[in-house]
Amino acid sequence: MQKVAQAARVPDGGDQTGKASEHHKRSAFDALTDKNVRTIIALENSAKLATTAGERLAARVATFCGNMIFVWVHLAFFATWIIYNTLSGFVSYRDPFPFVALTFVVSLEAIFLSAFILISQNEEKRLTKQRSHLNLQITLLTEQENTRMLKILNNIAAKVGAEIDDDPGLATLEESTRPEKLMDQIDAATSAKV
């Protein structure tokens, strides 16, 4: 693995300015990504603050239920219940086979756990929808920026007398994307497959 990492490195020829330049690029990149990471964390934290106490409780319960500790606790509880109620004939209260009381307790637990999990999933769905909307907005802005840059580059090429390719696809790329038209195309294509 270390050989792969060494082979992937680009030799700098021992040039100290190359190392300084690479360090500057990396620190600028790190600063930019650090800012982005902090922004995303702030967005996530503000989304968490917008949840109710019940939603936070449901998320904690759902997280615990998705843990192996939950399985082991239940395994120990069920084994203890079955052994206690099977082997101890001298106790005043017994839940004999088929363990109706145990079935009742487990059924109640399943009802509440499913409610907690559904609440947690609804909250996660809301956050996912919000992130998806944010991604769509960023993608649309990026597309608009790219379209604008293509137009600017085309104008620069025309002014300096550079040869401009007569590719019809280039002219299409210079047009602004209309999301509603794309959605119509997607709907038409997906309904045709059904």
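What share of the 194 residues of the protein count as buried? The share is 11%, where buried stands for under 20% relative accessible area, exposed for over 50% and partly exposed for values in between (1.4 Å probe, protein chains only). The model is predicted, and local features therefore need pLDDT of at least 70, side-chain atom pairs count only at pLDDT 80 or more, and totals for chains, interfaces and linings use all residues. Residues are numbered from 1 along each chain as its sequence is written, and side-chain values use heavy atoms, with hydrogens and water left out.

The protein has seven helices and zero strands; helices (H or I, at least four residues) and strands (E, at least two) are DSSP runs, numbered from the N terminus. The protein exposes about 16000 Å², of which carbon and sulfur atoms supply 66%; such areas come from the Shrake-Rupley method with a 1.4 Å probe, and for residues only the protein chains shown count as cover. Among contacts (heavy atoms within 4.5 Å) between residues at least 6 apart in sequence, 55% join residues at least 24 apart.

Helix α5 covers residues 100-160. Its 61 residues should span 90 Å at 1.5 Å a residue, and the end C-alpha atoms are 87 Å apart, which agrees; the expected span is 1.5 Å times one less than the number of residues. Buried residues of α5 include Leu-102, Leu-113, Glu-123 and Thr-147. Just after α5, Gly-161 takes a positive phi of about 80°.

A nonpolar patch on the surface is formed by Phe-77, Phe-104, Val-105, Leu-108, Ile-111 and Phe-112, with about 590 Å² of accessible area together. Patches are made of residues with over 30% relative accessible area and no salt bridge; like charges are joined within 9 Å and nonpolar side chains (Val, Leu, Ile, Met, Phe, Trp, Tyr) within 5 Å. A salt bridge is a side-chain nitrogen of Lys or Arg within 4 Å of a carboxyl oxygen of Asp or Glu. The largest share of the patch, five residues, comes from α5, whereas Phe-77 is found in helix α4 (residues 68-87). Phe-77 is partly exposed, at a relative accessible area of 38%.

Phe-77 also forms one aromatic cluster with Phe-78 and Trp-81. The structure holds four aromatic pairs. The rings of Phe-97 and Phe-99 have centres 5.7 Å apart and planes at 90°, so this pair is edge-to-face. Rings of Phe, Tyr and Trp (its six-membered ring) pair if their centres lie within 6.5 Å; planes under 30 degrees apart count as stacked, over 60 as edge-to-face and the rest as tilted. Phe-97 is exposed, with 70% relative accessible area, whereas Phe-99 counts as buried at 10%.
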